[in-house]
Amino acid sequence: MKKSMITSALVGIMMAAPLAWTGCSSNSDSSADVLSFDEVFYSRRSIRNYDATKKISEEEVRELIKATQDAPSWANQQPTKYYVAISAEMLAAVQDMVGPNKERIMGAPVLIVSTFERGKSGFFQGNQTNEVGDGWGAYDNGLSNCYLILKARAMGFDTLIMGMRDADQLRTLFSIPDSEAVMAVIALGYRAEDPRRSERRPLDDIVQFF
Ligand SMILES: Cc1cc2nc3c(=O)[nH]c(=O)nc-3n(C[C@H](O)[C@H](O)[C@H](O)COP(=O)(O)O)c2cc1C
């Protein structure tokens, strides 16, 4: 899609024809395919049906994860780590570790397990800085994953963050040390559905001005 074809009625267009966006890969041959920040932001949706015929390379996943390294983190601790299933064998194994999500992500060519190193974010010289403790590690992990899902969209990919997963099985499969907390599994692929924007709470439910 040429950028000149994208009108200012951005959200409406993206909701009406989201499949038109699937070809917008960073590896395509034209800079005209680059999406604006708002185009990336508002066309991202949780995708629960993937096109199994489309693959993603290790090089592309590296580009994606490199982008997460620009995310902010507590005292620049960078506690997030990623374990990437990209071979057929590892994909099949992880598909069996995401419970009811399995059917939703069967066609995704990449599954990414995110973890964070405990005792880093929210800690100073080994001591917990405040009441949130390792919650700050989870916070930083969420920020990193937010960069990941938005960068994925900018590259023409789609994602599903999955909190329903078996942490113990994943820890064993990837030999994840106990010093890391297993967080979300993120499916990465190409949408094979026309997603709708799920309802959001009224703005005044979530913000108060003083
Ligand atoms: C931490 C977290 C865990 C989630 N876990 C799941 C999950 O296990 N299965 C699933 O289908 N969606 C999961 N989701 C996706 C949410 O349901 C989705 O983000 C929300 O409904 C808003 O829809 P949207 O992402 O399309 O805007 C999760 C999202 C987050 C942030």
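Helices (H or I, at least four residues) and strands (E, at least two) are DSSP runs, numbered from the N terminus. Keep that in mind for the labels used below. The model on your screen is predicted.

**Stop 1: the whole chain**

Start with a cartoon view. The protein has 8 helices and 6 strands. The elements run α-α-α-β-α-α-β-β-β-α-β-α-β-α. Now colour by accessibility. Of the 210 residues in the protein, 40% are buried.

**Stop 2**

Select E1 (residues 80-85), E2 (residues 110-117), E5 (residues 158-162) and E6 (residues 180-189). These strands form an open sheet in the order E1-E2-E6-E5, and the pairing is antiparallel. Look at the edges, where E1 and E5 stand. Each has a single partner strand, so one side of each lacks a neighbour in the sheet.

**Stop 3**

Begin with E1 and E2. They pair in the antiparallel sense over 6 bridges. Show Ala 85 and find Leu 111 of E2 opposite.

Step on to E2 and E6. This pair is antiparallel too, with 7 bridges. Select Val 110 and look across to E6, where Leu 188 stands opposite.

Finish with E5 and E6. They run antiparallel and are joined by 5 bridges. Asp 158 has Gly 189 of E6 as its bridge partner. Leu 160 has Ala 187 of E6 as its bridge partner.

**Stop 4: how covered are these strands?**

How many of the 8 residues of strand E2 are buried? The count is 7, so strand E2 is largely enclosed by the rest of the structure. Switch to E6. This strand is mostly covered, with 9 of its 10 residues buried.

**Stop 5: Glu 180**

Stay in E6 and select Glu 180, which is found in that strand. Is Glu 180 buried or exposed? The relative accessible area of Glu 180 is 2%. Buried means under 20%. Glu 180 is therefore buried. A polar contact of 2.7 Å joins the side chains of Glu 180 and Tyr 83.

**Stop 6: the ligand and its shell**

Centre on the ligand. How many residues surround the ligand? There are 13, and the closest are Ser 46, Arg 48, Asn 101, Gly 163 and Arg 200. Colour the shell by class. Which strand gives the largest share of the shell? Strand E5 does, with 3 residues.

Next, draw some distances from the ligand:

- Arg 48: a polar side-chain atom lies 2.7 Å from an oxygen atom of the ligand.
- Arg 200: a polar side-chain atom lies 2.7 Å from an oxygen atom of the ligand.
- Met 164: here a polar backbone atom is 3.1 Å from an oxygen atom of the ligand.

Now put a surface on the ligand. Taken alone, the ligand exposes 620 Å², and the protein buries 63% of that.

**Stop 7: Ser 198**

The side chains of Ser 198 and Arg 200 are joined by a polar contact of 2.7 Å. Arg 200 is one of the residues closest to the ligand. Where is Ser 198 found? Look in the loop between E6 and helix H8 (203-206).

Check the exposure of Ser 198. The relative accessible area of Ser 198 is 33%. Partly exposed covers the range between buried, under 20%, and exposed, over 50%. Ser 198 is therefore partly exposed.

Zoom out, and the tour is done.

Key
Residues numbered from 1 in each chain as written. Predicted model: local features only at pLDDT ≥ 70, side-chain atom pairs only at ≥ 80, totals over all residues. Heavy atoms only, no water. Near = heavy atom within 4 Å. Polar contact = N/O pair within 3.5 Å; in protein donor to acceptor, adjacent residues only side chain to side chain. Areas by Shrake-Rupley, 256 points an atom, 1.4 Å probe, with all protein chains shown as cover. Buried < 20%, exposed > 50% of the residue type's maximum accessible area, 1.4 Å probe, protein only. Pairing = 2+ DSSP bridges.
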